[in-house]
Amino acid sequence: KKGEYTPFGETFDIGIGTSKALTKYANGEEPLKSGGTGERDNGNGSLMRILPVLFYLQKTYGENWIEKEESYQIIHNLSALTHRHKRSMIACSIYITIADYISKEYELKEAVELGIKKSFEYYENKEEFKKELKHYERLQDENFHMLPEDEIKSTGYVVYTLEAVLWCLLNSDNYKECVLIAVNLGEDTDTVAAIAGGLVGLYYGHESIPKECVEKIQRREFVEKLCIKFN
């Protein structure tokens, strides 16, 4: 409401799902019950903000956080604040698991494949989630990254967003190229590029981000202080 974390002090372009969740919460709903649970409540709003939980899980549960049931519950709860459908929770979990393997210095393609494999193994044993895995079947194909661009959709639908992010990641060799590919896919460009940027930045490192991009960040000092504080 106050726009405190916005570039220019003005809040705009809030996603429908997130907006509904905030309204429910403001009207007294419990935080973990504020997110939508309908078929159409699977936008990419929770996926776009989930990455920082990786560092919390690694610090709290150590290198093997991925073996802890509590870790998945934390990821699910963070998604549920705005997106409580199990499909959105799975997307967040796949993304974080891939990010974990990337942070452990696996080769990029291997990290992506291991993250997807590990996530499917987990959810295949969860009856309440199992039926949702069919929506992510394309990711299991080891040749997924070889799909032509016109078969990649970069809309705000969480499944398509995750596909687009991983496709961009696997079809680029550096930070700038990955982000530009994401932007050039069109549609929900800012979100897809931001989510892809999280993974590609984690892989290639902060120094891989072009200087001219960093210098143009609005409220850069504020952002950097937040990063240092979080670390």
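Trainee: What is the relative accessible area of V223?

Mentor: This is a predicted model, in which local features need pLDDT of at least 70 and side-chain atom pairs count only at pLDDT 80 or more, while totals for chains, interfaces and linings use all residues. Residues are numbered from 1 along each chain as its sequence is written, and side-chain values use heavy atoms, with hydrogens and water left out. Buried means under 20% relative accessible area, exposed means over 50%, and partly exposed covers what lies in between, with a 1.4 Å probe and protein chains only. V223 falls in the partly exposed class, its relative accessible area being 34%.

Trainee: In which helix does V223 lie?

Mentor: Helices here are DSSP runs of H or I with at least four residues, numbered from the N terminus. V223 belongs to the run of residues 220-230, which is helix 11.

Trainee: Which residues make the nonpolar surface patch with V223?

Mentor: A patch is made of residues with over 30% relative accessible area and no salt bridge, like charges being joined within 9 Å and nonpolar side chains (Val, Leu, Ile, Met, Phe, Trp, Tyr) within 5 Å. The areas come from the Shrake-Rupley method with a 1.4 Å probe, and for residues only the protein chains shown count as cover. The patch covers about 450 Å², and alongside V223 it is made by Y5, I217, F222 and L226.

Trainee: R87 forms a salt bridge with which residue?

Mentor: A salt bridge is a side-chain nitrogen of Lys or Arg within 4 Å of a carboxyl oxygen of Asp or Glu, and the structure holds 13 of them. For R87 the closest N and O atoms are 2.9 Å apart, and the partner is E39.

Trainee: How many residues apart in sequence are the parts that R87 and E39 tie together?

Mentor: R87 lies in helix 4 (residues 86-103), whereas E39 is in the loop between helix 1 (16-26) and helix 2 (53-61). R87 counts as buried at 2% relative accessibility, while E39 counts as exposed at 52%. The pair therefore ties together parts whose separation in residues is 48.

Trainee: What are the relative accessible areas of K104 and D100?

Mentor: The side chains of K104 and D100 meet in a salt bridge of 2.9 Å, N to O. K104 is partly exposed at 32%, whereas D100 is buried, with a relative accessible area of 1%.

Trainee: Where is R138, which forms a salt bridge with E151?

Mentor: The closest N and O atoms of E151 and R138 are 4.0 Å apart. The two residues, 13 apart, are both placed between helix 6 (127-130) and helix 7 (158-170). E151 is partly exposed at 38%, and R138 is partly exposed at 31%. R138 is thus found in the loop between helix 6 and helix 7.

Trainee: How far is the sulfur of C178 from the closest cysteine sulfur?

Mentor: A disulfide is a pair of cysteine sulfur atoms within 2.5 Å, and a search of the whole structure finds 0 disulfides. C168 is buried at 0% relative accessible area, and C178 is buried at 0% as well. The sulfur of C178 is too far for a bond with the closest one, in C168, the distance being 5.6 Å.

Trainee: Within what arc do the buried residues of helix 8 fall?

Mentor: The buried residues of helix 8 (residues 175-184) are Y175, C178, V179, I181 and A182. The arc is that of the directions from the helix axis to the C-beta atoms. Seen down the axis, these residues line one face of helix 8, because they fall within an arc of 160°.
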